[in-house]
Each structure stands twice: as structure tokens, then as C-alpha cells.
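Open the model in your viewer and keep the selection tool ready. We will go from stop to stop.

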Amino acid sequence: MFGVLRGMGITFKNFVASYFLPRKPNSLETGGMVTLQYPEERLPEKERFRNFPFLIYDTKPDDLRCVACDICAKECPPKCIYIVRDNDEQGRPLKKPKVFDIDFTVCMNCGICEEACPFDAIFMDHEFEVGGPERQQSLVYHMDQLLKPATHFAKIRPTDHVAIEEKRRKEAEKKRAAAQAQPKPPEAKPPQA
Amino acid sequence: MSPADAKSKLEAKFPGIQIQIINNALLMKPEDLIRVVQFLKDSPEFKMNYLSNITAVDYVEYLESVYHLYSIENPPHSTAGPIVLKVRVPRDNPKIPSLVPVFRGAEFQEREAYDMMGIVYEGHPDLRRIFMWEGFEGFPLRKDYTPEDADVLEWEDVEWLEKHGVKVPEEYKQFARQLKDAGKEARAQKPTEKEI
Amino acid sequence: MIDEPVLHDTDTLEVNLGPQHPSTHGVFRMNVKLEGETIVSLKPIMGYLHRNHEQIAENMSYLGSMPYTDRLDYFNSMSNNFGYALAVEKLANIEVPERAQYIRVIMAELTRLVNHVSVIGFLLNDLGAFFTPILYAFREREKILDIFEEIAGSRMMCNYLRFGGLKLDLPPSVLDRIKKIVQGFPKFLDEFEGLLTKNEILCMRCQNVGILPYDLAVSASITGPMARASGVNYDIRKIDGYSIYNRLKFRVPLGKVGDVYDRYMIRILEMRQSVWILEQVLKEIPEGPIINPKMAAFAKAPRNFKPPKGEAYGRVEAPKGELGFYLVSDGTPQPWRYHVRAPSFINLTVLEDLCIGHKVADAIIILGSIDIVLGEVDH
């Protein structure tokens with residue numbers, strides 16, 4: 001009998017204590033779970049949180065960083081990325097995608113596309129409220145829906161943004177230095193598919 | 001214990017047994033498997049009384065069943081493992097004696113290997129498919145297995161759909177009939193190396 | 001006057017428990033034959049969640065399978081990552097830097113806390129203590145999952161380990177928070193035990209139910225807390241001493257009877273040992289690189305990673321038992337063969353032996369005490 005009573009004492013203690021818990025969206029401070037009124041109140045987003053990928057552009061949507069190299073599409077474990085390279089009028093391949101689709105019904109949020117991308121063009125977003133009126137077409141996101149500015153990235157992941165900007169600046173400097181040292185660079189070959 | 005030691009000890013115990021060392025594993029004939037495992041389990045020298053893992057591998061020319069044995073006795077027995085045993089059988093007649101009489105732990109793992117690779121473990125008390133459903137054809141983990149193309153309707157699918165009152169478009173029907181007349185099934189195309 | 005009792009002819013009744021049944025922890029079916037309410041035969045039927053994990057992995061680069069291993073035992077994605085990384089490191093002979101080893105052990109032990117604390121909660125749910133113990137357990141679990149989210153980006157599908165190290169270093173100040181959790185954990189365990197351990201109802205329902213004898217446990221390849229509850233002194237952390245476990249001090253708790261109560265108690269004791277391990281690791285964690293520089297080069301091109309021809313079997317002590325990965329490489333970017341030794345799948349071998357002679361309600365708690373996750377059982 002004593003064991004049951006002791007257990008009841010513990011539940012009673014917890015019941016009373018639950019009225020004095022600080023209502024903060026932090027499990028460590030509140031000592032566990034606390035109910036938040038979700039759409040109005042939200043948990044703070046962790047910086048490394050990853051959900052679905054997005055494509056990044058620097059200033060305007062036309063000069064996106066993606067060069068349609070197809071690496072992310074090849075590395076994607078569930079193969080949810082579909083890329084078609086753009087051509088110019090003469091039919092020569094351009095360094096940008098014509099079609100860039102991601103099937104969010106297939107994507108499993110692993111973040112391998114972000115890791116594999118050599119141009120820092122695709123990143124995992126914090127957006128998790130993704131929905132559609134039906135199950136197929138509305139969840140295949142096209143390029144115009146996936147494109148987001150670099151300022152968005154700077155907002156959601158400030159630490160990574162600083163590191164990546166630093167890295168890109170260094171690369172650009174190196175390129176400029178190489179261009180100065182060698183005034184006539186050889187014609188750049190289009191990257192192999 | 002190194003595989004070479006284990007090999008020499010087994011050869012001393014069973015004269016005439018054929019054992020090869022491949023990748024630190026002992027390759028033996030299927031008919032020797034049970035007595036070797038029983039000996040490894042009971043002999044005070046080995047005490048390999050814990051069958052950790054059974055799996056099968058398809059090497060295209062033959063199928064191979066792999067056994068990892070460890071010991072649950074105190075050290076030094078427990079740290080001596082694993083002793084890896086291998087048995088090779090031809091693809092068209094893959095039969096290996098079952099280890100269930102020696103180790104109960106082989107029961108589900110052998111069923112899994114049978115389900116996925118089609119190795120028949122003779123003497124298994126209940127050798128049925130474990131993950132795939134009854135009536136499933138083929139063995140999915142064999143290298144020559146191609147899955148059914150779920151996007152293409154076959155003639156049986158058309159019949160089933162029409163019986164249940166679904167109207168099937170004429171072009172699908174025609175294609176299904178063509179498949180049936182040609183005696184083919186809709187199989188998914190494996191992606192070519194270039195696509196990957 | 002009392003009527004003479006009429007003797008009816010009784011038949012055995014065949015009942016399907018599951019696959020859609022809350023007590024089966026997923027889509028698991030038990031085909032039970034009953035004599036009255038006593039079980040005379042029980043056949044587990046699985047495969048409802050089968051997705052041929054092994055075939056998917058054989059058509060994928062080595063790294064590509066890493067996020068899929070998260071989905072095996074979705075409670076313990078860090079341990080699954082650990083097992084897979086260990087197998088690949090054995091296959092390709094990769095060294096792991098010191099700091100990465102320490103962080104891996106921290107993650108593995110935190111995962112063990114998450115798993116054990118929630119499995120006890122679910123076991124109590126099966127017993128009828130509806131949701132009070134599990135919510136207490138989930139309060140602790142929540143703290144740890146928040147840490148996982150902060151480190152790896154996801155609460156459950158962590159995908160954090162890489163071959164030869166880790167994906168990212170720990171963010172600043174997270175170690176302090178882990179320390180705080182570890183410090184508070186024994187207090188929580190005391191409270192949890194006060195709620196449960198001596199509870200008469202729990203004792204009556206669990207003691208001498210579903211006894212797993214030592215010999216059967218060894219012969220049926222049972223591993224993990226379930227085997228140790230039957231007195232099998234086998235902990236791969238001790239035996240193999242993989243990663244840095246050979247340098248750490250901890251004890252392996254063992255049960256005597258092997259019933260459901262022992263399995264509950266072993267998990268509590270193992271959590272106390274995990275806390276001890278965490279305290280040691282957190283004290284000694286060194287600075288340094290988190291990934292082998294040779295492997296860091298493959299981060300941008302996982303398909304260039306081609307282990308040499310050969311085979312390897314890597315195993316870890318996952319919270320549910322021995323989790324092993326058997327890999328055969330043919331020198332290409334994809335494994336020729338990838339096999340998972342799923343602990344909760346093999347632990348189910350003895351389910352029938354444990355349940356025969358008990359009542360239906362006992363079968364539910366025996367299943368709960370085996371601790372299965374269907375993602376792993378059906379892989």
C-alpha cells in the first residue's frame with residue numbers, strides 16, 4: 001500500500017508544481033514540457049534546424065548561385081530533385097537551371113544536398129508549414145517558389161551566413177588575383193554533367 | 001583467435017574437412033556446417049555460444065550464407081570473436097542445413113535470408129516469408145531481381161479494376177493486352193549507370 | 001439449492017492482436033490462440049512497415065544510407081548512425097579524431113537515456129497507468145531532444161555522424177546545457193523510481209511474468225537489456241570497447257529472474273550507469289578537429305568515397321541490443337551488400353516462449369518489455 005501512496009504523493013507534488021512553472025518556450029528552464037498556444041506563440045527556431053531546401057540568390061532572382069551542375073540531384077538519397085540546364089539561343093548550355101523542382105512529398109530533410117553543393121546555392125530552410133490542397137502537384141515546388149534572397153538566409157542562420165560570406169569573399173579574391181596574374185584566361189569549359 | 005588457428009583446430013578435430021580462409025572467414029561445405037557449429041559451441045576451447053548474425057550475399061555466380069559467432073562466456077572467450085563462417089551454394093539449388101536445432105536465434109534470421117535471397121534452410125521448423133507477403137514472387141535482394149513497375153497496368157489489374165467498376169482508359173487497356181499477348185510482365189527499368 | 005455446474009465444450013479461440021492496435025507499438029500483428037484467456041500459441045507476423053532498407057542502401061552511395069539508418073529505430077537515430085559509421089570505418093580503415101569520439105559517446109548515451117526512459121513510460125502505458133509516467137518520461141526526453149535539435153538540426157532524424165567524424169562541431173554553450181541535464185537526471189530518476197519501483201500494482205503485474213531463462217536467452221541470440229535482465233553478462237561496450245568505451249568506467253547491471261520487472265529495473269540501472277559515463281566524458285572532452293581530414297574531403301562529393309574491396313561487420317550496443325551492420329564492398333561507390341542486424345527484430349524470437357501460459361493482458365506487457373520499434377523490426 002505504501003508504494004501506491006508514495007506514487008500518488010509524487011503525482012500530487014507534480015500537479016501542484018505545474019501551476020508554478022515558468023511559461024517559457026525552453027524545456028530546460030521549465031523543467032520539461034509546457035503548452036504553447038501554437039499559431040500565436042511559437043518556439044524559437046534553432047539555427048541548425050533543417051526542413052526543406054531552398055535556392056539562394058544574391059540580389060535579384062535572375063542571378064541565382066545555382067549553376068545546374070546536378071550534384072545535389074545525384075547525391076539526394078530519395079532522388080527528389082529534378083534539374084534541367086538552361087540553354088541560350090544558340091543551344092549552348094548556360095550556367096543556370098531552366099527547371100529546378102523539388103518534390104516535398106519525397107524529400108526527407110536530410111540536408112545532404114546542402115552539404116554536397118560546391119557553390120553554396122542550396123540550403124535547408126526553417127519553413128515547416130508546408131501544405132497544399134492536394135497531395136501531388138501542389139507539393140512539387142518549382143524554381144520560383146524555391147528562390148529566396150541571401151538576406152533570408154542571413155536572418156535564419158546568421159552564423160553560417162557569416163562563415164559562407166567570408167568563404168565566398170576569399171574565393172572571389174583568389175579568382176581576381178589569378179585573373180590579374182594571367183591576363184588572358186583560357187575559355188572556361190562548361191562543367192561536365 | 002585468428003582464423004588460421006581456428007582452421008587448424010577444426011581440421012584436427014574433423015579429419016578430411018575442407019576449409020578455406022577468405023577475408024578472415026572460414027569457408028566450408030554446407031554438409032559440414034552443423035557439426036562445425038555444434039563443435040564451436042560446445043568445445044571448452046571456443047565456447048562460441050552466441051550466434052550474432054546470419055545473412056546471405058548474392059555474388060552472382062553463387063549465393064553465400066554468412067554466420068558471425070561470438071562467445072558470451074567471460075573473457076578471454078568473449079573477446080576472441082568473431083569467428084565468421086561462410087557457406088556457398090549454387091544459385092539454382094540453394095540448400096543449406098538450418099542452424100535452428102543448435103541456435104534458436106537462427107529462426108527469424110534464416111527466415112529473413114530465405115525471404116530476401118531465396119536460400120532454403122533445410123530443417124527449419126517454419127520456413128516462410130517473414131517480411132514480404134505470402135504469394136510474393138521472386139527474391140528482392142538477389143542482384144537479378146527487378147521490381148514490378150507499379151505505374152503500368154497489367155491485364156490482371158485491368159480485369160480487377162473493371163470488375164470493381166473502374167473505367168480503364170482504352171490506351172492502358174491496349175497496352176496491357178499487348179503485354180499479355182507478348183507474355184511479358186511490367187518490370188521496372190533499372191536506372192542505367194549514366195542516370196545515377 | 002445450487003445447480004450442478006454445466007460443463008461446456010470449449011474451443012481454442014484465435015485472435016489477431018494488431019496490426020492496428022495501440023498496444024503493439026506500431027503495425028505489428030500477433031496471431032494468438034487462446035484457451036479461455038490463456039495463451040496457448042502466439043505467432044508474430046511482421047512486415048507491414050517493410051521497405052527493403054537493405055536494397056535501398058545497395059542502390060545508394062555509402063553516405064546516402066546514413067539518413068536512412070535514422071529511420072530504422074527512430075527513437076535512437078544517433079546510435080544507428082554510430083553503428084553504421086563504425087562499420088564503414090572498419091571497412092575503409094578510417095581513424096576518428098579524439099573529440100569526435102567523445103561527442104559520439106555523449107550522443108550515444110543521451111540516446112540511451114531517451115530510449116530507456118520512454119520505453120518504461122510505454123511499458124507503464126501498456127500496464128494501464130495511462131500517460132502519467134510517460135509524460136514524466138517525456139519531460140526529460142524533451143530536454144534531450146532539444147539538445148539534439150540544436151546540435152544536429154533535427155529532433156529525431158539526426159543524421160549527425162559522418163564516416164571519420166561528425167557533420168558539425170557542437171554549437172557554443174551546448175555542453176553546459178548537457179551538463180545541466182546530466183546533473184538533473186539522477187534526481188528525476190529518483191522521482192521516477194519513487195513513482196514506480198515499489199508500486200504494488202506494478203510489482204504484481206510484472207514480477208514472475210514472462211520469464212526468460214538464461215539458456216534460452218543465450219541460445220536465441222537475445223541482446224541488450226533484455227538479455228542482461230536474464231543474467232547474461234554481455235555488453236558490447238565492455239566486450240569490444242569500441243570508440244572510447246574501453247577508457248570509461250561503468251558497470252553492467254544484471255538481473256536474476258529475467259521477468260518483466262527485471263527488464264524494467266535493468267533499464268533504470270542502465271540509465272544510472274549512462275549518467276555516470278556522461279559525467280566522465282563531459283569532464284574530459286578535449287578540443288580538436290571533429291572529422292578526419294581525409295574524410296572531410298568527401299563531404300562535397302560522397303560518391304567519390306569508394307572503400308576498398310572487402311567486408312566488415314560493425315556492431316554497437318544500441319539501447320535495444322546489438323545493432324550490427326554487415327557491409328560488403330566491391331570497390332564501387334555503392335555497397336554490394338548491406339545487412340542490418342536489427343536487435344528488436346531478433347529479440348522477438350522468444351516472444352512466443354515468454355507468452356505461453358500467460359493471459360492476454362500479460363502478452364501486451366511482455367511485448368512492451370521487449371522494447372520493439374517497428375521501423376527496425378521490419379527494416
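Start where chain B meets chain C: the contact (heavy atoms within 4.5 Å) takes 40 residues from chain B and 42 residues from chain C. Together the two chains bury about 3500 Å², 55% of it on carbon and sulfur atoms. Buried area is the accessible area (1.4 Å probe) that two parts lose on being put together, summed over both. Now select B:Arg104, B:Phe108 and B:Phe131, which supply 20% of the area that chain B buries against chain C, more than any other three residues.

A word on the ground rules. This is a predicted model: local features need pLDDT of at least 70, side-chain atom pairs count only at pLDDT 80 or more, and totals for chains, interfaces and linings use all residues. Residues are numbered from 1 along each chain as its sequence is written, chains are lettered from A and ligands numbered from 1 in the order in which they are written, and side-chain values use heavy atoms, without hydrogens and water.

Next, select C:Ile106. Not counting residues up to four places away in sequence, C:Ile106 touches C:Leu175, C:Ile178, C:Leu278, C:Val281, C:Leu282 and C:Ile285.
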